[in-house]
Amino acid sequence: MRGKRGNTFIIVMLILILLLLLVIFLTIIYISPSFGGGEGLVKKTRDGVEDTATKIEEKFGTFKGERIEELKPEQLPIGADSGRVLYNIENETLTLMNHERTRRNFGALRLDERIANVAFTHSREMNLNDYINHTNLASKGPGDRISDQEIFALCSSENIYFIESREPRENLAERAVQGWLDSPGHRKNLLDPNITTAGIGIYCQDRKCYVTANHICTKTALQEELQDRYVYFFSLYPEEINFNTKVMANFDLSLTTRADLYIVPDKEQYLNYVDRQEYLFSKQYLDVEGIRDTVVVEKGYGLMVIPSSDGEIRIQLEYS
């Protein structure tokens, strides 16, 4: 009797072990995409924002990156939102963006913490309210959100990346940048030769991560024919910018004739000069053919040019 009971016990244990192995095998099939039995990483596409996790895995294989620890608020640089605890991943994202730009002979983007704060706020709002869109819940687009913070920008654009997975932070920077490169609209924004400055904001909660990249233009150029006996006015602060804050204007100016140049606080001074009245200026450059300088300008400021003869003027402007 004891022998039969012992055999029955062994058979029952073997059956339990086989059942356990079957459960483990089915679990592996469900989790791992390499078995073809499941999706592996949970992927979503919403509101036209493309999730490219599958494409990245096909190109580079499954990521085995290390989890990046969050920073403490006191470790963040001055000006950074205290919630930007994934600052290291944000910097890594910008570094990879600049790598893609410089290898194509485009200029590297400068980091602006104010822009990064705008991007972070949008990522956090999308996460907490479970949506993906370039327009926020207040119906404001990227340009509006940047303007609300009185950030001087001649143009603006935005890229968004979303992922939901078991380990969404792993290789998040690589996934986001590759995702943007694989999407025509995002690729155009990332490789736009006109953008000069950017900020990255990342917000993760549980299995979801949202990455927002905001970019702005701060350079412009103009070229115009000049005629003797005429006076010219060139705005240094575009009227379409709906706020007035001081900004540094770096200009590189060249002429094919000699001229007197004046930095004036508004167009009225230019009109006063034309009417032979007294006029105000903050800086002057007399009888020059070219000049490089940096001036602080506000709304209304402009450059008054009085050529000595017919010629041409070229101006490269960059704001900071």
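**View 1. The disulfide between Cys155 and Cys217.** Cys155 and Cys217 form a disulfide, with their sulfur atoms 1.6 Å apart; a disulfide here is a pair of cysteine sulfur atoms within 2.5 Å. This pair links distant parts of the chain, since Cys155 lies in strand S2 (residues 155-164) and Cys217 in strand S4, 62 residues apart. Helices (H or I, at least four residues) and strands (E, at least two) are DSSP runs, numbered from the N terminus. Cys155 counts as partly exposed because its relative accessibility is 29%, while Cys217 is buried, with a relative accessible area of 4%. Buried means under 20% relative accessible area, exposed means over 50%, and partly exposed lies in between (1.4 Å probe, protein chains only). The model is predicted: local features need pLDDT of at least 70, side-chain atom pairs count only at pLDDT 80 or more, and totals for chains, interfaces and linings use all residues. Residues are numbered from 1 along each chain as its sequence is written, and side-chain values use heavy atoms, with hydrogens and water left out.

**View 2. The disulfide between Cys204 and Cys209.** A search of the whole structure finds 2 disulfides. One of them joins Cys204 to Cys209, with an S to S distance of 1.9 Å. The torsion about the S-S bond of Cys204 and Cys209 is about 115°, so this disulfide is right-handed. Cys204 counts as buried because its relative accessibility is 13%. Cys209 is also buried, with a relative accessible area of 0%. With bonded cysteines counted along the chain, the disulfides follow the pattern 1-4, 2-3.

**View 3. The surroundings of His215.** His215 is placed in strand S4 (residues 208-217). His215 counts as buried because its relative accessibility is 0%. The side chains of His215 and Ser157 are joined by a polar contact of 2.8 Å. A polar contact is a pair of N or O atoms within 3.5 Å; within protein, one must be able to donate a hydrogen and the other to accept it, and residues adjacent in sequence count only if both atoms are side-chain atoms. Leaving aside residues up to four places away in sequence, His215 touches several residues, including Met97, Leu109, Cys155, Asn189, Ile195 and Ala198; contact means heavy atoms within 4.5 Å. Asn159 is also one of the residues that His215 touches. The C-alpha atoms of His215 and Asn159 are separated by 8.5 Å, and the two residues are 56 residues apart along the chain.

**View 4. Helix H4 and its cover.** Helix H4 (residues 113-129) has 17 residues and reaches 24 Å from its first C-alpha to its last, close to the 24 Å expected at 1.5 Å a residue. The expected span is 1.5 Å times one less than the number of residues in the helix. At the start of H4, a side-chain oxygen of Asp112 reaches to within 2.8 Å of the backbone nitrogen of Arg114. The buried residues of H4 include Glu113, Ile115, Val118, Phe120, His122 and Met126. Among the elements that cover the buried residues of H4 are helix H3 (87-102), strand S1 (110-111), helix H5 (142-148) and strand S3 (197-205). S2 and S4 are also included in this cover. Asp130 follows H4 and has a positive phi, near 55°.

**View 5. Aromatic pairs.** A search of the whole structure finds 10 aromatic pairs. Rings of Phe, Tyr and Trp (its six-membered ring) pair if their centres lie within 6.5 Å; planes under 30 degrees apart count as stacked, over 60 as edge-to-face and the rest as tilted. Phe233 and Tyr270 form a tilted pair, 5.7 Å centre to centre and with 40° between the planes. The pair links distant parts of the chain, with Phe233 in strand S6 (residues 232-235) and Tyr270 in helix H8 (residues 267-274), 37 residues apart. Both Phe233 and Tyr270 are buried. The rings of Tyr262 and Tyr279 have their centres 5.8 Å apart and their planes at 85°, so this pair is edge-to-face. Tyr262 lies in strand S7 (residues 247-264) and Tyr279 in the loop between H8 and strand S8 (283-297), so the pair ties together parts that are 17 residues apart in sequence. Tyr262 counts as buried because its relative accessibility is 7%, whereas Tyr279 counts as partly exposed at 23%. Ring pairs link Tyr262, Tyr273, Tyr279 and Phe281 into a cluster.
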